[in-house]
Amino acid sequence: MTDTSRPARPVILGQNQYGKAENRVVRITRDGATHHIKDLNVSVSLSGAMDDVHYSGSNASVLPTDTTKNTVYAFAKEHGIESAEQFGIHLARHFVTSQEPIHRARIRIEEYTWERIEVPGEARHSFVRKGQETRLAQITYDGSSWEVVSGLKDLTVLNSTDSEFWGYVKDKYTTLPEAYDRILATDVSGRWRFNWTDDAQEMPDWDASYEQTKQHMLRAFAETYSLSLQQTLYQMGSRIIENRDEIDEVRFSLPNKHHFLVDLEPFGLKNDNEVYFAADRPYGLIEATVLRDGREARIPADLTTL
Ligand SMILES: O=c1[nH]c(=O)c2[nH]c(=O)[nH]c2[nH]1
């Protein structure tokens, strides 16, 4: 019998996934006059037995992307948003266990944080957007095992000393002067993968883990006497692996935000490492994975895809 669901052409369908991207959901929880806010951007991506819709246009296995959007909002009401990771786990489990054709769900979440504006009196419902980093989470579930990768982006940090860069390769195109006291600045983009993969394991405390991981990263940045951004990156990653048992892999993408000393000689002034030109481009881009020994690297090299 010929299989009419697949066209008799030397063409086959490859990897495919679908869902609703960037569902912006804001959940207010009221505790009397004190309100709490969670502000997420949730992207749902589902895959499984989806050949027919591509080959023949049969939608019999397709849960509409519109429904996946509605599910995000309904779950925000029904389950609340305890943490980005917990919310993503609820959603991923729901899609895989409630729809037979869906074999894998990937939920990506960006979280924007708000800080309470403290005012005299009773009112506790005003917030100011925290200008710091965006928190990230990606949850993937295939019906038996979990992969949780958390992270952050746009966390801007700067050391005004304790950074050098010298002893590098010099060829006929090298003009960079060696630096024995420079500014080191970067916008941290980092991801870390948890070794929680199974419902039988005790689940990490996602919020506590995030805060501690961020603190280790920042402290390592501040405490490392840096001979290169590469060395600082490794210190940041290894500090996390050494201190957080629940994390097996960390990947960073760190732009080297160059600060060049301005030549003030034309004005008869000496620049004693005080006045810099903050260049926005080009920038060095330093990227690496730091891994618990014996574990597999799974975070993609290009963090812009995660
Ligand atoms: O920390 C640095 N690493 C480099 O690889 C590099 N290259 C460069 O020009 N400046 C720097 N700084």
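Which residues surround the ligand? In this predicted model, the ligand is surrounded by Phe165, Leu176, Ser228, Leu229, Gln230, Asn256 and Gly284.

One member of the shell, Leu229, leads on to helix α5, which covers residues 229–243. Leu229 is among the buried residues of α5, together with Thr232, Leu233, Met236, Gly237, Arg239 and Ile240. Seen down the helix axis, these buried residues fall within an arc of 150°, and therefore they line one face of α5. Their cover includes the strands β8 (184–194), β9 (247–256) and β12 (284–291), as well as helix α4 (206–223).

A further set of positions comes from the record: an unreviewed UniProt entry places the feature "active site" at Lys20, Thr65 and His258. These positions are spread over 239 residues of sequence and also in space, with up to 43.2 Å between C-alpha atoms.

Where do Lys20 and Thr65 sit? Lys20 is found in the segment before β1 (23–31), whereas Thr65 belongs to helix α2 (residues 65–78). Lys20 counts as partly exposed because it has 19 C-beta neighbours inside 10 Å, while a buried residue needs 20 or more. Thr65 is partly exposed too, with 16 other C-beta atoms within 10 Å. Beyond four places in sequence, Lys20 touches Val44, Thr65, Thr68 and Lys69; Thr65, in turn, is in contact with Tyr18, Gly19 and Lys20.

Methods. Residues numbered from 1 in each chain as written. Predicted model: local features only at pLDDT ≥ 70, side-chain atom pairs only at ≥ 80, totals over all residues. Helix = DSSP H or I, 4+ residues; strand = E, 2+ residues; numbered from the N terminus. Expected span 1.5 Å × (residues − 1). Buried ≥ 20, exposed ≤ 12 C-beta atoms within 10 Å, placed from the backbone. Arc of directions from axis to C-beta. Contact = placed C-beta atoms within 7 Å. Near = placed C-beta within 6 Å. UniProt positions renumbered as here; feature names shortened; annotations may be inferred.
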